[in-house]
Amino acid sequence: MMRALILGGIADASLLAAEIARAGIDAVYSYGGRTRAPADQPLPTRIGGFGGARGLADTIRRESITHVIDATHPFAAEMSRNAVEACTETGTPLIALERAPWVKTPGDNWIEVSEVCAAAAALPDAPARVFLAIGRQHIAPFATRPQHAYTLRFVDPPEATLPFAADVIVSRGPFTLDGELEMLRARGIAWIVARNSGGDGARAKIDAARMLGLPVIMISRPKLPERLRVESVAEVMQWLGHRTCLGA
């Protein structure tokens, strides 16, 4: 009997959960635990880590999981690596629902870097207003560039003291182009640092930067082990042996 485990994180994971529930598939939705008020799902939900690849493998066995869907954020590299290792150990089929990365288009002024420390080093020496659109787990390296005025945007208010002074926006996406243009203009943002997350929900800031002629320091995605990867909920449902009802 099929029992799926969704490792959630991206917006499409919620769409997938709705499709799986509609299809009557036995499944569990897992949140990593970083968001304090996660969105409700139409499936049984768990919150928190597994304890590494070994813990995930133990969960797969204990919960009789037959299929694992990695729908985590493209930069949740540790979780994705753990999923590959755990599914290999247990012989469990694994598929990744991974949105395509953004592609540089005419008018974009991107400085592409491989990781967060390189992004901090790529900022100018002269003081500037910088929008860090990279999540609270990755901001520490920017404490080495204290001359800049930083704007941060989080889903939840920060619980701990930040490593540097910053203007903090608490808001949940998706964000609109008009809203991003207003935010960047109102705060006089001159530089944007972003991760190449892909998808539509976070793209508006990239489009706004192009319209305003702002440079974007774009952090490339981490390299992950080879695994079956698709870009749509429909493809995951087909993999599970069901036809998606999206658009019906």
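This is a predicted model: local features need pLDDT of at least 70, side-chain atom pairs count only at pLDDT 80 or more; totals for chains, interfaces and linings use all residues.
Residues are numbered from 1 along each chain as its sequence is written, and side-chain values use heavy atoms, with hydrogens and water left out.

Is T92 buried or exposed? With a relative accessibility of 9%, T92 counts as buried, since buried means under 20% relative accessible area, exposed means over 50%, and partly exposed is in between, using a 1.4 Å probe and protein chains only. If we set aside residues up to four places away in sequence, T92 touches I60, I65, T66, H67, V68 and C87, where a contact means heavy atoms within 4.5 Å.

As a general point, an α-helix has 3.6 residues a turn, so residues three or four places apart point the same way.

Just after α2 comes S64, which takes a positive phi of about 55° although S64 is not a glycine. S64 is found in the loop between α2 (52-62) and β4 (67-70), and, with a relative accessible area of 49%, S64 is partly exposed.

Six strands form an open sheet in the order β3-β2-β1-β4-β5-β12, with parallel pairing, and two strands are said to pair if DSSP finds at least two bridges between them. The edge strands of this sheet are β3 (45-47) and β12 (229-230), each of which pairs on one side only. Within the sheet, β1 and β2 (residues 26-31) pair in the parallel sense over five bridges, and the bridge partner of L7 in β2 is S30.

Helix α3 lies across β1, β4 and β5, and runs at about 160° to β5; here the axes are lines fitted to C-alpha atoms, for helices over the stretch in contact, and angles run from 0 to 180 degrees between N-to-C directions. A83 has its place in α3, and at 0% relative accessibility A83 counts as buried. Which residues does A83 contact, leaving aside its neighbours within four places in sequence? They are L7, L56 and L94. A83 and S30 are 53 residues apart along the chain, and their C-alpha atoms are separated by 12 Å.

There is a second sheet to look at. Six strands form this open sheet in the order β6-β11-β10-β7-β8-β9, and the pairing is parallel. At the edges stand β6 (110-113) and β9 (166-170), each with a single partner strand, so one side of each is left without a neighbour in the sheet. From one strand to the next, the twist averages 20°.

Please follow β8 (residues 149-154) for a moment, which pairs with β9 in the parallel sense over five bridges, while four bridges join β7 to β8, again running parallel. L152 in β8 stands opposite L132, and the bridge partner of L152 in β9 is V168. T151 has D167 as its bridge partner in β9. Five of the six residues of β8 are buried, so β8 is largely enclosed by the rest of the structure.

Helix α6 (residues 204-212) lies across β6, β7 (129-133), β10 (191-195) and β11 (216-219), and runs at about 150° to β10.

The structure holds one cavity of 30 Å³ or more, and the largest cavity has a volume of about 40 Å³. On a 1 Å grid over the protein atoms alone, a cavity is a set of points where a 1.4 Å probe fits but cannot get out, and lining residues have an atom within 4 Å of a point; grid points are joined across faces, edges and corners, and a volume is the space filled by probe spheres set on the points. The lining of the largest cavity includes D70, T72, H73, L224 and R227.

Terms used. Helices (H or I, at least four residues) and strands (E, at least two) are DSSP runs, numbered from the N terminus. On a 1 Å grid over the protein atoms alone, a cavity is a set of points where a 1.4 Å probe fits but cannot get out, and a pocket is an open set with protein on both sides within 12 Å along at least five of seven lines; lining residues have an atom within 4 Å of a point.
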